Amino acid sequence: ATYRKVQFLLEWSTDIGQSVELVHRLKEVQTEREANEIYFLPKQRNRLLDMLRELIEGMEALGPLNGPVELSRKQEMDALRRIEIHLSSAGILREQMRLKHVEHARKGRYSLEGGMVFNEMGNLFEEVALRIGILTTKYEEIFKVS
């Protein structure tokens with residue numbers, strides 16, 4: 001049991017480190033966007049914020065799995081289920097973002113620069129969601145939760 005916990009902690013550290021790098025890149029993109037005065041349509045901004053909220057809630061649900069208190073099987077399953085729900089919602093939002101991005105770009109509803117930044121931010125959010133999903137899968141495999 002101790003070996004599995006140590007193994008998970010090592011993998012957790014690596015994957016969380018990669019997520020932090022992605023969030024740092026997101027901050028850089030946001031800073032560049034503001035400096036270049038690139039604006040989003042309200043619907044674009046709302047989609048990004050909705051996806052961010054889902055990722056935050058997924059990360060909050062992930063936290064107790066690596067907390068100082070040992071969880072019961074039910075608590076583990078509840079946390080994993082909540083993560084799955086938030087990642088699923090984030091995935092649906094990302095797909096909607098892709099479809100609308102192509103549609104809006106085709107119709108010329110926003111600048112090329114705005115579309116590129118919007119897409120890059122969506123890609124970064126999607127990558128963070130992937131990292132959360134990887135951590136969840138590793139947790140389930142290491143601790144044999146099902």
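Helices here (H or I, at least four residues) are DSSP runs, numbered from the N terminus. This is a predicted model, in which local features need pLDDT of at least 70, side-chain atom pairs count only at pLDDT 80 or more, and totals for chains, interfaces and linings use all residues. Residues are numbered from 1 along each chain as its sequence is written, and side-chain values use heavy atoms, with hydrogens and water left out.

**Helix H4**
- H4 covers residues 112-143, which makes 32 residues.
- From its first C-alpha to its last, H4 reaches 46 Å, close to the 46 Å expected at 1.5 Å a residue; the expected span is 1.5 Å times one less than the number of residues.

**How H2 and H4 pack**
- Two packed helices are described by the angle between their axes and the distance between the axes.
- For H2 (residues 42-62) and H4, the angle is about 15 degrees and the axes are 11 Å apart.
- Axes are lines fitted to C-alpha atoms, for helices over the stretch in contact, and angles run from 0 to 180 degrees between N-to-C directions.
- H2 and H4 are therefore roughly parallel to each other (angles under 35 degrees count as roughly parallel).
- Residues of H2, including Leu 48, Leu 52 and Leu 55, meet residues of H4, including Phe 118, Phe 125 and Ile 132; contact means heavy atoms within 4.5 Å.
- The residues of this contact of H2 with H4 divide into 13 nonpolar, three polar and one charged (Ala, Val, Leu, Ile, Met, Phe, Trp, Tyr, Cys and Pro count as nonpolar, Asp, Glu, Lys and Arg as charged, and the others, Gly among them, as polar).

**Helix H3**
- H3 has 35 residues and reaches 51 Å from its first C-alpha to its last, close to the 51 Å expected.
- Its buried residues pack against H2 and H4, and among them are Leu 80, Ile 83, Arg 94 and His 101 (buried means under 20% relative accessible area, exposed over 50%, partly exposed in between, with a 1.4 Å probe and protein chains only).
- Gly 108 follows H3 and has a positive phi, near 65 degrees.

- His 101 counts as buried, at 16% relative accessibility.
- Leaving aside neighbours within four places in sequence, His 101 is in contact with Tyr 110, Gly 115, Phe 118 and Asn 119.
- Lys 100 is partly exposed, with a relative accessible area of 31%.
- Lys 100 and Gln 44 lie 56 residues apart in sequence and 8.8 Å apart in space, C-alpha to C-alpha.

Technical notes:
Helix = DSSP H or I, 4+ residues; strand = E, 2+ residues; numbered from the N terminus. Parallel < 35°, antiparallel > 145°, perpendicular 65-115°, else oblique.
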